[in-house]
Amino acid sequence: MNISIDWIAFVQVFVAALLAAVLVVGFYSVGLRLLVRAGRVPVVGPAEFTDAITVITEKDAKRAAKAAAKAARKNPLTPGQRQLAAIGAYLSFGLCAIAVLAGLLLIIFNH
């Protein structure tokens with residue numbers, strides 16, 4: 001029994017996975033940054049989980065919402081710049097989704 005490894009294919013898969021991870025994380029982080037610059041800070045309310053996961057209290061959620069509102073008021077951008085930042089954020093999230101869908105399509109149809 002002779003086992004041979006196609007190292008070129010292994011390197012191709014490694015590079016593709018690394019590139020996809022960098023693209024998805026990069027687009028998502030740029031989208032979040034632009035969303036915050038646009039004054040639309042995403043605040044997630046407390047959720048009900050099992051005891052294994054620590055959940056923030058109502059007081060912490062109110063404090064986070066208050067900090068987000070204060071940061072939005074202190075935003076030095078003009079309304080036009082905020083609009084442009086929001087559009088850029090949504091485009092970045094869209095590119096992130098396209099990268100994920102492209103990876104899924106490669107897996108499904110190139111298998």
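Predicted model: local features only at pLDDT ≥ 70, side-chain atom pairs only at ≥ 80, totals over all residues.

Residues are numbered from 1 along each chain as its sequence is written, and side-chain values use heavy atoms, with hydrogens and water left out.

Helix H1 covers residues 7-37. Helices here are DSSP runs of H or I, at least four residues, numbered from the N terminus. Does its length fit, or what span should we expect for H1? The 31 residues of H1 should span 45 Å at 1.5 Å a residue, and the end C-alpha atoms are 44 Å apart, which agrees. The expected span is 1.5 Å times one less than the number of residues. After H1 comes Gly-39, with a positive phi near 85°.

Now the aromatics. How many aromatic pairs does the structure hold? There are two. Rings of Phe, Tyr and Trp (its six-membered ring) pair if their centres lie within 6.5 Å; planes under 30 degrees apart are stacked, over 60 edge-to-face, and the rest tilted. Trp-7 and Phe-10 have ring centres 5.6 Å apart and planes at 80°, so that pair is edge-to-face. Both residues sit in H1, three residues apart, about one turn of the helix. Trp-7 is exposed at 52% relative accessibility, and Phe-10 is partly exposed at 49%. For these words, buried means under 20% relative accessible area, exposed over 50%, and partly exposed in between, with a 1.4 Å probe and protein chains only.

The pair of Tyr-28 and Phe-93 is tilted, at 5.5 Å centre to centre and 50° between the planes. This pair links distant parts of the chain, since Tyr-28 is in helix H1 and Phe-93 in helix H3, 65 residues apart. Tyr-28 is partly exposed at 43%, as is Phe-93 at 23%.

Neighbours within four places in sequence aside, Ser-92 contacts Phe-27, Tyr-28, Val-30 and Gly-31, where contact means heavy atoms within 4.5 Å.

Last, Lys-70 lies in helix H2, residues 58-73, and is partly exposed at 47%.

Methods. Helix = DSSP H or I, 4+ residues; strand = E, 2+ residues; numbered from the N terminus.
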